[in-house]
Amino acid sequence: MNAPEPRQAVAAPLWLLAELTYRCPLHCAFCYNPVDYARDRAELSTGQWFDVMRQARQLGAAQLGFSGGEPLVRDDLEELVGEGRRLGFYTNLITSGVGLTETRLARMKELGLDHIQLSFQDSTREMNDFLSSTRTFDLKARVARLIKQYDYPMVLNVVLHRFNLDHVDRIIDMALEMGVDYLELANTQYYGWGLVNREQLMPTREQLQRAEAVVNDYRARIGNKVRILFVVPDYFEERPKACMNGWGSVFLGIAPDGTALPCHAARSLPGIAFPNVREHSVKDIWYASGAFNRYRGDAWMKSPCRACPEKDKDFGGCRCQAYALTGDAANADPVCSRSPQHADVHAIVMQAQAAQEAARRQQVQPIVFRTDANSRRGGSGP
C-alpha cells in the first residue's frame with residue numbers, strides 16, 4: 001500500500017465496528033447491510049476477530065461495537081465480548097434481541113459487556129412484526145425487561161419512516177414504560193435496503209414536522225427522564241451531516257469477510273479496492289491504503305465544497321449519498337443547498353410521495369424485504 005499521504009495528519013481510529021455476520025433472523029426493509037450480502041457468506045473466525053481487535057486497540061481504538069446482521073447468531077459472541085473487555089475496549093452490543101437469552105446475557109454481563117442497544121420497529125406488535133417480516137415484538141419486550149434486570153443502560157433504537165412516524169408519541173410512551181434511558185429515533189437514511197425501498201419509506205415533510213413537534217413536547221415534559229435523539233433524514237435538510245465525522249477520521253468498520261470500510265455503506269462506491277484484514281495489517285489499512293485516504297482532507301473536493309467555509313465542519317457530506325444521487329462520489333452531497341443537484345433531492349421526495357399515492361390507489365405495497373432470496377436477485381424482489 002503506497003498511497004500518497006493525506007494533506008492533514010491522520011489520527012488513530014476511535015470506534016471499531018465489528019460486523020460479525022450478515023446473517024439475521026429479521027427482514028427489515030430499511031437494513032443498511034449490502035443488498036447483495038447473500039452472495040458472500042465468508043466470515044472471519046474467532047481467532048481472526050481476536051487479532052483484528054488486538055491490532056485496533058494497539059492503534060488507539062477505544063470503543064468496540066458488535067453488530068451484524070444479528071451478532072447473536074455467532075456462537076462465539078461471548079468469547080469476543082470477553083476478549084474485547086480484556087483488551088480494554090468499551091464494548092457495545094447492537095442487537096434485535098433475537099437470540100438473547102438470560103443465560104447468554106448473564107454470561108456477557110460476567111465477561112464485562114458495557115452497553116446494549118436494542119432495536120424495535122414500532123410500538124405495536126402489528127407494525128413491528130410487519131416491518132421486520134417476523135413475529136418478534138413479544139420476544140423483544142421480554143429482552144428489554146432482561147436488559148433492565150441486569151442493570152444495563154437501556155438504549156432503545158427505532159428507525160423511523162412513513163409507516164411509523166405518526167406513532168412517535170406511542171413509541172416514546174413505550175420507552176417510558178420500559179424504563180429506557182436513551183431513545184434513538186433515527187429516521188431512515190437511504191443506503192442498502194433503505195435505498196431499494198426509498199419510495200415506500202419516504203415520509204412527507206408534514207409527517208416529519210408533526211413528529212418533531214411531538215418529540216419536542218415530550219422533551220419539555222419529561223426532561224432527562226429519557227434522553228431522546230431525533231435524527232432528521234438527510235433528504236429534508238439544507239446542510240449535510242458530517243458523515244462519520246469525515247471519511248477515515250474516527251470510524252473503522254470491519255465487514256464479516258474482513259473487508260475494512262470507512263463507513264457502513266462504502267462498498268456501494270465503485271472503483272475503490274477496499275483492503276481486507278486477512279491480507280493487510282489494521283495499521284496499514286488505516287494509514288496507508290488508497291481506500292481510506294481517498295476522501296480524507298479536502299484535496300479531493302470539487303466546487304462548491306472546495307471553497308466552502310463549512311468544509312471543515314461537514315467534510316462535504318456523505319460520499320455514498322453523493323454517489324447514489326449524482327453518480328460521482330466526489331460531488332458535493334446533494335442534500336446541501338449549495339449543491340447544483342440540490343433540486344434533485346426535492347424532486348425525489350415529491351416522486352416518492354406520488355408513488356405512494358399511486359400504490360394506495362392500487363392497494364399494493366411493493367416493499368422489498370431483506371431476505372436471502374431478494375439479496376441474490378440484487379434487491380429487486382420477486
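Thr-21 is buried, with a relative accessible area of 0% (buried means under 20% relative accessible area, exposed over 50% and partly exposed in between, with a 1.4 Å probe and protein chains only). The model is a predicted one, in which local features need pLDDT of at least 70 and side-chain atom pairs count only at pLDDT 80 or more, while totals for chains, interfaces and linings use all residues. Residues are numbered from 1 along each chain as its sequence is written, and side-chain values use heavy atoms, with hydrogens and water left out.

Thr-21 sits in the loop between strand 1 (15-19) and helix 1 (46-59); helices (H or I, at least four residues) and strands (E, at least two) are DSSP runs, numbered from the N terminus. Beyond its neighbours within four places in sequence, Thr-21 is in contact with Glu-43, Ser-67, Gly-68, Gly-69, Glu-70, Pro-71, Val-73, Arg-74 and Pro-256, contact being heavy atoms within 4.5 Å. Take Glu-70: it lies 49 residues from Thr-21 along the chain, yet the two C-alpha atoms are separated by 6.8 Å. With Glu-43, the Thr-21 side chain makes a side-chain polar contact of 2.6 Å. A polar contact here is a pair of N or O atoms within 3.5 Å; within protein, one must be able to donate a hydrogen and the other to accept it, and residues adjacent in sequence count only if both atoms are side-chain atoms.

Next comes helix 2 (residues 77-87): 8 of its 11 residues are buried, so this helix is largely enclosed by the rest of the structure. The buried set is Leu-77, Glu-78, Leu-80, Val-81, Gly-82, Glu-83, Gly-84 and Leu-87. These residues pack against helix 1, strand 2 (63-67), strand 3 (90-95) and helix 3 (102-111). Just after helix 2, Gly-88 takes a positive phi of about 100 degrees.

Zooming out, the protein has 15 helices and 9 strands. For 382 residues, a compact globule would have a radius of gyration near 21 Å, and the protein agrees at 21 Å; the radius is taken over C-alpha atoms, and the globule rule is 2.2 Å times the number of residues to the power 0.38. Along the principal axes, the C-alpha atoms fill a box of roughly 55 × 55 × 45 Å. Of the 382 residues, 55% count as buried. Among contacts with a separation of 6 or more, 73% come from residues 24 or more positions apart.
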